[in-house]
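Here is a guided walk through one protein model. Keep the sequence and the 3D view side by side as you read.

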Amino acid sequence: MAGAGMHPYHQQWVPPPAPAVAPPVPVDAPNRPPADEIRTVFITGLPGDVKERELHNLLRWLPGFEASQINFKAEQPMGFALFSTAQHAIAAKDALQDLEFDVEMKSALHTEMAKKNLFVKRGVASESSSIDQSKRLRTGGDYTHAGYAAPPFHPQPTPVWGNPGYIAPHPPPPYDPYGGYQVPQVAMTTPPPLPASSRYAPVQNNKDNPPCNTLFIGNLGENVNEEEVRGLFSVQPGFKQMKILRQERNTVCFIEFEDLNSATTVHQNLQGAVLTSSGRGGMRIQFSKNPFGRRKDFINGAASEPNGAPTYQQ
């Protein structure tokens, strides 16, 4: 029966139950693997003078890399590398096994899974003077701490691992100094021989020798400039070598050409050419009695006869 003063069909109102409160979700590292999962690689075979930075630079490109550290036991370095998952740690262990770390010291790495994970202490100022910098962890970047905002995610490029060592998939393209622009090819033509001289003088040349590939140049002054003579003959087709002999009474020159045709052309075209430093008028060009370097009877480095070629090579 309803209570006094209450309508018989009126039921007493009961407040609804409070909604269940969901348990708080940890925000420090929601994607962390289980605590008992081993994801640290133990590395030996490092050279005795290895630096923390060297090991860190080697590991920082491996997928899932988080931190690294080097400890010394009896002056032998031992490396530890922490990865985000056990799968990444196993892949890194296989990739680093037998890798030649130092070519000069011939040190190769040996890897195995560590017995426990490397502990990364968070929120410690890395530049504090109270911390031993040689024991400081080299981390790949941890932005999950509450005091920092997470930066935009940029996926790392997929590494290519060789066996042993790292090998790039393709060599870099050769350097192009023109930046890809089409540069027309310019044909390089052989410069024509310089003109012999602006002046010619008649020359007595009644006693010439049988043609050969060596020319005898006579009627040269004592002060003739060797560079002027060389500048005249060295540009002629077939020029090979030249030798000036300064004697007590006169100065002569022998010029060797590649073949008889070249020597004959110069013999005809430059006969009587005047050199400004000679002072004796036109040159007298004759064929040498002997080819350059074949005559044996010479005295004091000069030919024993007026137009015998010297016996030594330039």
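A residue is called buried under 20% relative accessible area and exposed over 50%, with partly exposed in between (1.4 Å probe, protein chains only). By that rule, 31% of the protein's 314 residues are buried.

This is a predicted model: local features need pLDDT of at least 70, side-chain atom pairs count only at pLDDT 80 or more, and totals for chains, interfaces and linings use all residues. Residues are numbered from 1 along each chain as its sequence is written, and side-chain values use heavy atoms, with hydrogens and water left out.

Start with the overall plan. The protein has 4 helices and 13 strands. Helices (H or I, at least four residues) and strands (E, at least two) are DSSP runs, numbered from the N terminus. Contact means heavy atoms within 4.5 Å. Among contacts between residues at least 6 apart in sequence, 64% join residues at least 24 apart.

Now look inside. In soluble globular proteins, nonpolar side chains tend to be buried together. A nonpolar core is a set of buried Ala, Val, Leu, Ile, Met, Phe, Trp, Tyr and Cys residues joined through side-chain atoms within 4.5 Å. The largest such core here has 21 residues. Those with the most contacts inside it are L215, I217, V229, F233, C253, I255 and M283. Two or more residues each come from strand 8 (214–220), helix 3 (226–233), strand 9 (239–246), strand 10 (251–257), helix 4 (260–269) and strand 11 (284–287). A second, separate core has 16 residues, including V50, I70, A81 and L96.

Which residues does C253 contact, leaving aside its neighbours within four places in sequence? They are L215, F216, I217, L220, V229, M242, K243 and I244.

An α-helix has 3.6 residues a turn, so residues three or four places apart point the same way. At the N-terminal end, D259 caps helix 4, with a side-chain oxygen 3.4 Å from the backbone nitrogen of N261.

Move on to the loop between helix 4 and strand 11, where S278 is found. S278 is buried, with a relative accessible area of 9%. Its side chain reaches the backbone nitrogen of G221 at 2.9 Å. S278 also touches N219, L220 and V224, not counting residues up to four places away in sequence.

The whole structure holds 4 aromatic pairs. Rings of Phe, Tyr and Trp (its six-membered ring) pair if their centres lie within 6.5 Å; planes under 30 degrees apart count as stacked, over 60 as edge-to-face and the rest as tilted. F42 and F80 form a tilted pair, 5.3 Å centre to centre, with 45 degrees between the planes. F42 sits in strand 1 (residues 40–44) and F80 in strand 3 (residues 76–83), 38 residues apart. Both F42 and F80 are buried. F239 and F257 form an edge-to-face pair, 6.3 Å centre to centre, with 85 degrees between the planes.

Definitions and conventions: A polar contact is a pair of N or O atoms within 3.5 Å; within protein, one must be able to donate a hydrogen and the other to accept it, and residues adjacent in sequence count only if both atoms are side-chain atoms.
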